[in-house]
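Here are my notes on the model you sent.

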Amino acid sequence: MKFAQIIDFETERIDDMEALMEERRAATAGGAGGPSRRVLLRDRDNPNRYLVLVHFDSYEEAMRNSEDPATTEMARRIAALCTRPPSFTDCDLMAEDELR
């Protein structure tokens with residue numbers, strides 16, 4: 001079963017955050033495992049609040065990614081850019097549809 005994680009965070013430094021994500025994408029390009037998709041959302045009522053939806057092929061793949069020291073280091077660097085600690089919600093991906 002596919003797996004998704006929702007990361008809820010606040011930052012005033014989204015450009016720095018996105019630069020870190022680009023660095024991670026470049027480092028893992030062409031490799032196996034890790035996230036398969038990422039969606040970044042900004043809260044319209046609180047412009048410093050963001051949600052990231054990260055897709056994985058399975059829960060097990062997400063856990064392998066989570067245990068990777070490079071992921072731990074990236075999470076530490078991202079948390080340093082946040083104005084409050086990020087929160088995480090783990091989800092089984094039950095359905096995904098294109099509505100148009």
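**Notes on the model**

1. Start with Ser58. The backbone nitrogen of Glu61 sits 3.0 Å from a polar atom of the Ser58 side chain. For reference, a polar contact is a pair of N or O atoms within 3.5 Å; within protein, one must be able to donate a hydrogen and the other to accept it, and residues adjacent in sequence count only if both atoms are side-chain atoms. Ser58 belongs to the loop between β3 (49-56) and α2 (59-67). Helices (H or I, at least four residues) and strands (E, at least two) are DSSP runs, numbered from the N terminus.

2. Basis of the values. This is a predicted model: local features need pLDDT of at least 70, side-chain atom pairs count only at pLDDT 80 or more, and totals for chains, interfaces and linings use all residues. Residues are numbered from 1 along each chain as its sequence is written, and side-chain values use heavy atoms, with hydrogens and water left out.

3. Is Ser58 buried or exposed? Ser58 counts as buried, because its relative accessibility is 14%. The classes are buried under 20% relative accessible area, exposed over 50% and partly exposed in between (1.4 Å probe, protein chains only). Leaving aside neighbours within four places in sequence, Ser58 is in contact (heavy atoms within 4.5 Å) with Met1, Lys2 and Phe3.

4. Met1 lies in the segment before β1. Met1 is exposed, at 62% relative accessible area. Apart from neighbours within four places in sequence, Met1 has contacts with Asp57, Ser58, Tyr59, Asp92, Leu93 and Met94. Met1 and Glu60 are 59 residues apart in sequence, yet 9.6 Å apart in space, C-alpha to C-alpha.

5. Glu60 itself. Glu60 is placed in helix α2. With 47% relative accessibility, Glu60 counts as partly exposed. A separation of 8.8 Å divides the C-alpha atoms of Glu60 and Phe3, which are 57 residues apart along the chain.

6. Pro35. This residue is found in the loop between α1 and β2 (37-42). Pro35 is partly exposed, with a relative accessible area of 44%. Not counting residues up to four places away in sequence, Pro35 touches Val54, His55, Phe56 and Asn65.

7. The core. Which residues touch the most other members of the largest nonpolar core? They are Phe9, Met17 and Ile78, out of 16 residues. Elements giving two or more residues to this core are β1 (3-11), α1 (14-28), β3 and α3 (69-80). Such a core is a set of buried Ala, Val, Leu, Ile, Met, Phe, Trp, Tyr and Cys residues joined through side-chain atoms within 4.5 Å.

8. Helix packing. The axes of α1 and α3 come within 10 Å and cross at roughly 170 degrees. The two helices are therefore roughly antiparallel to each other. On the α1 side the contact is made by Met17, Leu20, Met21, Glu23 and Arg24; on the α3 side, by Ala70, Thr71, Met74, Arg77 and Ile78. Axes are lines fitted to C-alpha atoms, for helices over the stretch in contact, and angles run from 0 to 180 degrees between N-to-C directions. Angles under 35 degrees count as roughly parallel, over 145 as roughly antiparallel, 65 to 115 as roughly perpendicular and the rest as oblique.

9. Cysteines. The structure holds 0 disulfides (pairs of cysteine sulfur atoms within 2.5 Å). The sulfur of Cys82 is 19 Å from the closest cysteine sulfur, in Cys91, too far for a bond.
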